[in-house]
Amino acid sequence: MTTRLFGEPVQRREDPRLLTGQGRYLDDLGRDALAAAFVRSPHAHARIRDIDVTPALDVPGLMAIYTWEDLPERVGRALPLLIPHPALTHGRTAYPLARDVVRHVGEPVVMVVASDRYAAEDACALIEVGYEQLKPVVGLEEAVQGAALVHEDVPGNVGAHLVQEVAAADGRGAGEAIETAPHTLAFRLDIERSASTPLEGRGVYARWDGRDLRVYSSTQTSTSVRMAVAATLGLPLPQVEVIAPDVGGGFGVKIVHPWPEEILVPWAAMTLGREVKWTEDRREHFISSAHERAQIQHVRVGFDDDGRVLGLDVTIRHDHGAYTPYGIIVPIVTSTQLLGPYKIGAYRVEFTSLYTNTVQVTPYRGAGRPQAVFCMERTMDKIARHLGKDRTEVRAVNFIGPDEFPYDQRMTFQDGRPLIYDSGNYPEMLRMVKELIGWDEHERRPGRGIGLGCYVEGTGVGPYEGGHVQITSDGRVHVSTGLTSQGQGHETVFAQIAATELGVPIERVSVVTGDTRRFGYAVGTFASRAAVMSGNAIALACRKVREKALRIAADALEADPADLAIDDGMVHVAGAPSASIPLSTVAVLANPLRYAFDDEAAKATQFSGTASPDRPPVAEGEEPGLEGRDYYSPIRSTFASGMHAAVVETDPDTAEITVVRYVVVHDCGRLVNPMIVEGQIHGGVAQGIGGALYERMVYDSHGQLANASFMDFLMPYATEIPHVETAHLETPSPLNPLGIKGAGEAGVIPVSAVVASALEDAEGFEIDRMPISPSELFELRERHASLE
Amino acid sequence: MEHEITLVVNGATRRVEVPARRLLSDCLRHDLGLTGTHVGCEHGVCGCCTVLLDGRPVRSCLTFAVTVDGQEITTVEGLAREGATREGGGSERPSRIHEAEAMDTALSPVQRAFAECHGLQCGFCTPGFLCTVTAFLRENPAPSDDEIVEGIAGNLCRCTGYQNIVKAVHRAAELLAEER
């Protein structure tokens with residue numbers, strides 16, 4: 001069958017335009033639009049005393065200057081808190097422009113609109129804002145002390161506090177299980193801040209024609225931006241369209257919505273009656289978008305002589321920055337995904353989510369999982385070390401067995417649904433990863449270490465996605481879905497799914513994502529959910545269309561629909577290829593209005609019998625046209641998994657760290673396009689290496705981000721990233737028609753744990769923090785040498 | 001004050017008036033409408049804005065347009081044409097119906113290699129890589145792995161982890177050798 005494309009490494013359909021400079025990213029649009037720029041707070045915590053705009057008024061090209069006081073009531077309201085949670089007792093969000101108090105360096109205070117960006121920045125430079133500095137809270141230790149407060153009305157800087165407990169089978173709690181265990185360990189782990197840093201920052205471009213508003217945004221969710229813009233600006237929803245054009249990477253930061261600029265730029269366009277565009281620059285991205293990762297974890301674990309975990313108690317302090325627009329998803333994910341592929345006797349996890357005068361924290365690829373896996377895998381390594389056992393043996397005795405699925409972890413996951421794993425085969429995966437890295441043959445010597453890390457990732461969270469499929473009279477297939485794309489290759493994988501379901505050549509299929517003109521209901525692209533959610537929705541929509549096509553073709557061919565097949569865009573009687581009708585003709589037959597605008601419509605007439613005068617031309621329950629729409633709404637998440645292993649070498653003098661081998665075994669259920677899945681894994685691992693060895697947000701004691709540029713924030717180049725060897729295990733998900741799980745975030749999740757494990761093996765002392773630089777490793781060596 | 005300058009961009013002579021502080025990247029993107037050249041950091045670190053100036057890769061975000069008056073510039077939009085010119089044929093405009101396939105013939109060997117090897121995801125850094133690699137392979141037509149990594153070590157990519165970019169550079173070297 002020529003059209004079977006599901007599972008093939010099909011080349012990407014996005015590439016021709018992106019390779020020739022024909023992509024349309026946000027700043028490529030609106031060449032004649034006015035430009036917006038922002039005066040942002042230079043202080044981490046200050047009260048705004050006065051704003052003097054007069055020095056800026058003579059700047060040539062200046063169109064408008066806005067402060068919070070200039071905004072209408074509904075535009076000036078605090079931004080929405082998207083995901084409330086009962087434990088988030090003190091949720092706080094920012095105003096689109098600062099009102100009275102600024103709470104981090106980079107918070108927008110004044111918006112300037114001018115003829116171009118140069119003029120807008122000239123004006124920004126001349127605006128004088130008077131501040132009364134307040135004491136900033138920087139870092140988790142200061143936040144916990146609570147001597148200074150980020151928000152006056154949030155005591156102790158505590159935004160949220162949540163305890164979750166799962167008792168052991170015998171009913172004992174984690175505390176008792178740990179105290180009575182044959183062995184116990186207690187330790188502290190530290191993970192620093194990093195950020196998504198896509199190469200394209202955020203951006204918004206708005207056009208208002210007096211009635212309708214069209215907004216382009218470099219977003220991971222155009223449908224929700226649309227609803228936010230309509231509600232905030234008081235416009236009827238049908239008069240607002242939001243389009244995510246080509247987006248230059250997201251990795252989480254662009255799922256937050258509405259960003260202040262997504263409200264302010266459209267509002268300015270309406271107010272001025274002109275097109276307005278804002279394109280974030282790199283420094284703005286560092287100090288005004290979002291960060292993630294920073295946590296301090298205190299762990300207590302009790303285990304038996306085999307290394308079986310009897311009780312685990314984890315206390316997490318999570319730094320969520322100055323505001324909580326995205327709720328407490330990140331620490332909830334850390335708490336629940338910490339269990340990984342293991343059966344833990346009794347588990348207690350407590351987190352405190354704290355305010356600091358730093359950039360807000362929202363999900364970055366992995367969304368709390370890298371921290372969770374760091375915690376659990378460090379724990380496994382410490383147990384192995386304590387018992388003198390091989391690290392893989394300790395993991396193996398704790399694994400959930402392949403015959404124990406569905407496996408209920410007895411917790412509540414990020415989607416509010418039970419944490420029940422759908423499928424997996426962890427022992428087989430461990431065997432594969434050991435073989436791939438050569439675990440048992442590894443030659444141990446000082447300065448050369450081997451390590452591994454295992455994880456389970458909840459993917460494909462609901463509540464839903466939809467797909468629309470239309471076959472037109474030229475035989476082309478038009479697929480649309482509401483979620484957006486930031487480089488994942490959705491135009492390709494969704495076309496593969498549609499071509500396979502419908503039996504048409506992929507060249508005839510086109511896919512549109514993230515355009516509310518084409519599809520209005522969607523959630524967005526995050527949480528490794530696009531392939532699972534929209535992939536299945538599109539497959540279901542295709543099945544509806546296919547059924548209708550077969551019904552119409554059966555009429556025309558005087559056959560039974562059950563005897564029909566579709567190959568290469570032709571509906572034919574199975575085993576009798578001559579009795580056939582092209583889908584293009586079926587599309588014409590599906591519409592009783594048949595003006596002969598094209599050859600297909602003319603051809604179709606030979607199939608049309610005499611319509612019965614007693615029945616309406618469009619039968620009851622039918623619709624004209626060959627199209628279908630369906631939604632996929634899962635009862636709960638799918639659970640992908642993976643195991644990574646690495647060999648690292650450290651320089652005996654300089655403590656330079658080199659990852660010499662890196663292997664990945666990955667299970668995301670059925671693969672739609674292995675080439676694209678592997679690309680996702682490579683990119684994820686590279687971000688993980690960045691997080692493990694190079695990237696951090698360096699705040700000084702005043703709350704200034706000291707490395708807010710690519711010169712100082714060490715995003716890895718090709719020279720820092722090892723070759724990644726991959727192998728796949730496929731345990732199809734029983735939860736969805738296509739059996740897929742999702743792969744977007746996977747690569748990044750265990751990397752810090754893997755690198756720490758290998759470094760520890762190379763150096764002989766414990767590694768309890770990430771990232772780790774050569775100087776930090778050097779200092780650790782000195783400290784351990786002086787202890788001996 | 002505006003300055004009139006002449007740039008030969010992708011083979012076409014373009015006259016443009018710019019203030020002295022106009023960055024070459026902004027001039028290409030906003031004055032000439034060639035938005036294929038992207039701006040990722042505006043401080044010369046990410047390499048997204050790399051273009052070829054008289055055949056050599058430069059950061060257009062660190063270059064004032066007035067300083068390159070009279071010089072030849074190749075942007076990502078001109079790479080296919082460059083390849084086609086060297087082959088002695090004109091590049092065909094892709095038909096609309098079979099865009100993806102027809103585009104293939106309108107791509108330079110470096111561009112084709114990136115597509116074949118999945119050397120791009122979001123595509124934002126890609127124009128800078130393509131310009132860098134085009135110049136690199138002219139100087140070193142049969143590079144080793146290490147030489148490739150060194151050759152692309154001035155360009156950031158957040159999506160691919162570079163592995164398929166390295167593969168694409170090898171493949172481009174092969175394609176160029178076949179055409180020679």
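Author: The buried residues of α5(A) are A:Ser222, A:Thr223, A:Val225, A:Arg226, A:Ala228, A:Val229, A:Ala230, A:Thr232 and A:Leu233. In this predicted model, helix α5 of chain A covers residues 222–233 and is mostly covered, with 9 of its 12 residues buried. The elements against which these buried residues pack are β10 (213–217), β11 (240–243) and α6 (260–272), which belong to chain A. As for its length, α5(A) reaches 16 Å from its first C-alpha to its last, close to the 16 Å expected at 1.5 Å a residue. Just after the helix, A:Gly234 adopts a positive phi of about 70 degrees.

A helix pair elsewhere in chain A may be described alongside it. Helix α9 (residues 369–387) packs with helix α17 (residues 751–763) of chain A at an angle of about 25 degrees, their axes lying 8 Å apart. Because angles under 35 degrees count as roughly parallel, α9(A) is roughly parallel to α17(A). The crossing in which α9(A) passes α17(A) is right-handed. On the side of α9(A), the contact is made by A:Val373, A:Phe374, A:Glu377, A:Arg378, A:Asp381 and A:Arg385; on the side of α17(A), A:Ser752, A:Ala753, A:Ala756, A:Ser757 and A:Glu760 take part.

Technical notes: Residues are numbered from 1 along each chain as its sequence is written. Chains are lettered from A and ligands numbered from 1 in the order in which they are written. This is a predicted model: local features need pLDDT of at least 70, side-chain atom pairs count only at pLDDT 80 or more; totals for chains, interfaces and linings use all residues. Side-chain values use heavy atoms; hydrogens and water are left out. Axes are lines fitted to C-alpha atoms, for helices over the stretch in contact, and angles run from 0 to 180 degrees between N-to-C directions. Helices (H or I, at least four residues) and strands (E, at least two) are DSSP runs, numbered from the N terminus. Angles under 35 degrees count as roughly parallel, over 145 as roughly antiparallel, 65 to 115 as roughly perpendicular and the rest as oblique. A crossing is left-handed if the near helix is turned anticlockwise from the far one by less than a right angle, and right-handed if clockwise. Contact means heavy atoms within 4.5 Å. The expected span of a helix is 1.5 Å times one less than its number of residues. Buried means under 20% relative accessible area, exposed over 50%, partly exposed in between (1.4 Å probe, protein chains only).
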